[in-house]
Amino acid sequence: MPTTPLVSAIVSSYAAERFMQGCLEDLAGQTLAADIEIIVIDSGSPQAEGAICARFAAAHPRLHLVYLRTEREGLYAAWNRGIQLARGKYVTSANTDDRHSADAFEKLATTLDRTLVTLAYADHAFSTVENETLAQCLSRDAALARCPDFSLTALMRYCICGPQPLWRRSIHERHGWFDESFKVAGDYEFWLRIATTETMVHVPEVLGSFFRSAATLSGSGNRGITDQESLRARLRWIDARPYRAIDGLRAAVAQELFGQGYQYVSASQPDDARELLRAACGLAPWRMRYWKTWLLRGVLRQMPSRP
């Protein structure tokens, strides 16, 4: 058991019993296993994650596993709680349904050890099979997400950090905690926030898999709320230093938002389109096409028909 672990892996769990054993095995199989702690925050789950954790801890006495059960709370409240308990130099979020390469933590931690950056992120594969390992996922030619190298422009346009970054715990002393008012995009808001003074680095290797399912918190079933919350995060920071000094950034983000909004228009989902189109108009007010689409598809479409 490490006196001072190098990495603290925060696992937030709710109704994830079927993933918990695989999640713990994945983390215990890390090459840095002797230097990590696993902190499981059970947010009032109705399932048996606690019993699985207890059995796993008994079978792996050298593994430092902390289990805490709370009342039902959101993802970012659970992350904040776990990070406040964490003793590691570095922190990562370990989703119960995602998996890692055995050397993922070692490679990301080594990158941070050798640099002055705050956060390291890598590429990932998309899994559609519950509890498959990364090796199993890659063996069937799964789709890959090749993340772009870090830049403020790239980060403002997309959440480039992926689902499994590793960051310095000390950054929370300077930038606070995850905003618990977010449901699914609180990590994106935090990355935008810390990038106002910090930098990040991309490790161009596939070091993990992301379980893609419509039923998950960040899945397609929540696409609307994800886009709306990502919009909220962008608008919060786009006029802050150093983003506001980047030439063409507002126009580039406006184009992204307009494209997202138009997809909802095409799918006959004007409620989801309206705020995205309006934000595009605000960021690029000279684009008459944006205004026309927002007026015709976002405003007039919402007006009741005359009797």
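Figure 1. Ser-93 sits in strand β4; strands (E, at least two residues) and helices (H or I, at least four) are DSSP runs, numbered from the N terminus. This is a predicted model, where local features need pLDDT of at least 70, side-chain atom pairs count only at pLDDT 80 or more, and totals for chains, interfaces and linings use all residues. Residues are numbered from 1 along each chain as its sequence is written, and side-chain values use heavy atoms, with hydrogens and water left out. Is Ser-93 buried or exposed? With a relative accessible area of 5%, Ser-93 is buried. Buried means under 20% relative accessible area, exposed means over 50%, and partly exposed is in between, using a 1.4 Å probe and protein chains only. Leaving aside residues up to four places away in sequence, Ser-93 touches Ile-10, Trp-79, Pro-163, Pro-165 and Trp-167. Contact here means heavy atoms within 4.5 Å.

**Figure 2. Strand β1, covered on both faces.** Strand β1 covers residues 7-13, and seven of its seven residues are buried, so the rest of the structure largely encloses it. In a regular strand, side chains alternate between the two faces of the sheet. On one side of β1 you'll find Val-7, Ala-9, Val-11 and Ser-13, on the other Ser-8, Ile-10 and Ser-12, and all are buried.

**Figure 3. The partners of β1.** Two strands pair if DSSP finds at least two bridges between them. Strand β2 (residues 36-43) pairs with β1 in the parallel sense, over seven bridges. Take Ala-9: its bridge partner in β2 is Ile-38. To get from β1 to β2, the chain passes through helix α1 (residues 17-28), and this β-α-β crossover is right-handed. That label applies if, with the strands pointing away from the viewer, the path from the first strand over the helix to the second runs clockwise. Strand β4 (residues 90-93) also runs parallel to β1, joined to it by four bridges. In β4, Thr-92 stands opposite Ala-9.

Figure 4. Strand β6 takes in residues 119-127 and is mostly covered, with nine of its nine residues buried. Which strand runs parallel to β6, joined by nine bridges? That's strand β9 (residues 200-211), where Phe-211 is the bridge partner of Ser-127. Strand β8 (residues 166-168) pairs with β6 in the antiparallel sense over two bridges, and Ala-120 has Leu-166 of β8 as its bridge partner. Strand β7 (residues 144-145) is antiparallel to β6 too, again over two bridges. Here His-124 stands opposite Ala-145 in β7.

**Figure 5. Helix α8, mostly covered.** Helix α8 spans residues 186-194, and nine of its nine residues are buried. Among them are Tyr-188, Phe-190 and Trp-191, along with Asp-187, Glu-189 and Arg-193.

**Figure 6. Stepping back to the protein as a whole.** Twelve helices and nine strands make up the count for this protein. Of its 307 residues, 53% are buried. Along the principal axes, the C-alpha atoms fill a box of roughly 70 × 45 × 40 Å. The radius of gyration, taken over C-alpha atoms, is compared with a globule rule of 2.2 Å times the number of residues to the power 0.38. For 307 residues, a compact globule would come out near 19 Å, and the protein's 21 Å agrees with that. Among contacts between residues at least 6 apart in sequence, 77% join residues at least 24 apart.
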